[in-house]
Amino acid sequence: MAHRHEVIVVGAGGAGLATALYAAREGADVAVVSKLYPTRSHTGAAQGGIGAALGNVEEDHWEWHMFDTIKGGDYLTDQDAAEVFAKEVIEAVLELEHMGLPFDRLPNGKIAQRRFGGHTKDWGKAPVHRAAHAADRTGHMILQTLYQQCVKHNITFYNEFHVTDVILEDGVAKGLVAYELATGELHLFQAKAIVIASGGFGRIYKVTSNAYTLTGDLQAILYRKGLPLEDMEFYQFHPTGLYPLGILLTEGARGEGGILRNALGERFMERYAPTIKDLAPRDMVSRAMYLEVREGRGVGPKKDHVLLDLTHLPPEVIEKKLPDITEFSRIYLGVDPLKEPVPVMPTAHYAMGGIPTTLWGQVIRDENNTVVPGLYAAGEAACVSLHGANRLGTNSLGDLVVFGRRAGIHAARFAKDADYHELSEEHLGASRERIERIKASTGKEKVAVLRAELQQTMMDNASVFRTGELLAKQVEILKELMDRYRHISIDDKGDAYNTELVEALELGYLLEVSEALVHSALNRTESRGAHAREDYPERDDQNWLKHTLAYKVADGKVAFRYKPVVLGRFEPKARTY
Amino acid sequence: MQVTLKILRFDPAKHEKPTWQTYQVEAEPWDRVLDLLHKVKADQDGTLAFRRSCGHGICGSDAMLINGRNRLACKTLVKDLGSVITVEPIRGLPVEKDLVVDMEPFFAAYRAVKPYLINEEPPPARERLQSPEERERFDHGTKCILCASCTTSCPVFWVNGTYLGPAAIVQAHRFIFDSRDRGKRERFKALGSGSGVWRCRTAYNCTEACPREIPVTELIEEVKRAILLDRF
């Protein structure tokens, strides 16, 4: 079946819905293609807040937010992106409020704000209240509010449609192919502009806060087609995943006064970040936790985690401001945070890298910022690059509304002056062939087995700390897994709701993004932000103050090009807190 | 421990009507029912279809009938169920395959109550002000994850699929009691109609089924009262 819309957005999370909404407001005919029902996307799991220098609780300035973002990103952040972001996120938060978002309120009726990791006043002197929040469900509220507005604007949704191909010809984006889960039918989508907002890929790791569905599908599809992925070596581990599941416990818990403790009961962050302690950026806290465990001060029978202590906080703060994480602890661990500390460990959380774009979300194909006409990306799938080497907490929700809005507006305006491209049934061929091959295979390899091996080895060899030796080993493991992937077979040969087929396709994407990540990490011989090489422990601005563009040349072979970091008012400095 | 997992299976291409299938699964007491479904799919039968996404009670994908009650598979632990566990699709929506139901009727009811802030006054330069008490007034409804557990546990909804159902009414409540909203009369058209709140028989199934502990029945009662008071 064939469909036609001026702007087609892939993904119905925060970035996708923001894009769709603002494109519709520009007057474009907009559709959203999502592999889930709307409101099932992972933006809903974001808890703590959206950072914006509203200054509602205390003095704050967008310049401070810009500085914190750049320093937090270990100076790999493009400073033009940080400037646009820190200014526009204020307006974006106010617009969300106008759309009905139920922020928590201060006694004077203004939006409430709390502290968060790496957000400071006076250029790093002390923590600042910058995170606007709605209990510990801020992402859920943003997702619901944006979906409500999409309903109001009658935006078309193709739910449970799994995109299998982006049609790129002569360097131009022309349409999409998607597999309808309910029927097994392939659909052809003709579009003037396509926006990729399909989220991250935390499922490459065993312990992750990410949904089962976050498998990097569109990053992998574009990478296979010869487009680059930017800065994939920078993958964020969130310090407080619920042990051992990895379910997220918001940094807002530390923003409200929570303290990390080791087996000796020590507040160990005092040693690593004396100024802001437990509110240091995520990469630093995650590394500190690993080091505590490595030095024998871990908690539990395996001494493999630490504790998040909230017991000294007033019970009403925990019940009112952190209700969801309190419930998670009680349900999944039987631990009541009011009475005892919660076991936590770093959990794979957020891809700083992804599909490279301009400040208007246009996808670029090389280091000269050559735009792919008609193709856009926003949210975690994209890399503008706002987050640099390490994203500050709350900047993901800000990113998706600010750059989702920009991508939506630009895509709609581009579509106004563009024509539809001719597409034919032949464009379905590659997807059909891939699906039929998996269904017909009599190979002995199982999706769940290969996926578990991938997730375990990525955890062992390419997570918080890396070495050249381990990364090289992982390169070999990935080659072997990709070979074995050619021999997977599935039980389900049917057409209706063949979720096993979808999982098989997703495994292919997981392998591709892992390949880009591991090669990029092996290639970057320095430590910066979330990329901590034990064999190259120092940041090396001389050689590595630049963005990685990774290109797939063949399976197991990756080529690199580099893009300079956009500098500006803030000179790279040593990063201490 | 060994768990006997009985799942109501249905594949429109193979079955005339749903049939029970039994699996023996090795489980830990702290495993989620979702973990067991994943184990069956990985090791025993890849054709089993179910929805899931976040895996910790936030996305609302995996609402199903577990030991006779509507629950989220990711928030229900083996230790609270015993060694025989039955799993069926939620009731009252057409079954597409196994545990997957067609959600469109549910979302049609959602759309019918105009689930978005209605306020045509030009917004101020800064935020609209709202006191913490005004914000608290509609807090319950903001927790809803649209999982459909409440609506599909409601006997009225099973009998009459045109009833808007508890979830849609909760969504309406969330805006009717928001001090910033001006659209309650528009919502009352759908809510006060034959398929609206007056069909509710106060059975409390919805409140029991809600995985987010929203007092659904109470909110429905508040909407009924708001409509009645509006008439005078």
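This is a predicted model: local features need pLDDT of at least 70, side-chain atom pairs count only at pLDDT 80 or more; totals for chains, interfaces and linings use all residues.
The largest nonpolar core comprises 137 residues, of which A:Val7, A:Ile50 and B:Leu191 touch the most other members. The greatest contribution to this core comes from helix H3 of chain A (residues 79-98), which supplies 11 residues. When neighbours within four places in sequence are set aside, the contacts of A:Val7 include A:Ala23, A:Val30, A:Val195 and A:Ala415. Another core, of 87 residues, lies apart from the largest one and has A:Ala191, A:Leu218, A:Val372 and A:Met458 among its members.

In chain B, helix H1 (residues 33-44) spans 16 Å from its first C-alpha to its last, close to the 16 Å expected at 1.5 Å a residue. Its buried residues, including B:Leu34, B:Leu37 and B:Val40, pack against helix H15 (499-523) of chain A as well as against strands S1, S2, S3 and S5 of chain B.

Over all chains, the structure holds 85 salt bridges. Within helix H3 of chain A, A:Lys87 and A:Glu83 form one of 2.9 Å, N to O, and because these residues are four apart in that helix, about one helical turn separates them. The side chains of A:Arg528 and A:Asp541 also meet in a salt bridge, at 2.8 Å from N to O; since A:Arg528 lies in the loop between H15 and strand S20 and A:Asp541 in helix H16, the pair ties together parts of chain A that are 13 residues apart in sequence. A:Arg528 is buried, with a relative accessible area of 1%, whereas A:Asp541 is partly exposed at 26%.

Key. Residues are numbered from 1 along each chain as its sequence is written. Chains are lettered from A and ligands numbered from 1 in the order in which they are written. Side-chain values use heavy atoms; hydrogens and water are left out. A nonpolar core is a set of buried Ala, Val, Leu, Ile, Met, Phe, Trp, Tyr and Cys residues joined through side-chain atoms within 4.5 Å. Buried means under 20% relative accessible area, exposed over 50%, partly exposed in between (1.4 Å probe, protein chains only). Helices (H or I, at least four residues) and strands (E, at least two) are DSSP runs, numbered from the N terminus. Contact means heavy atoms within 4.5 Å. The expected span of a helix is 1.5 Å times one less than its number of residues. A salt bridge is a side-chain nitrogen of Lys or Arg within 4 Å of a carboxyl oxygen of Asp or Glu.
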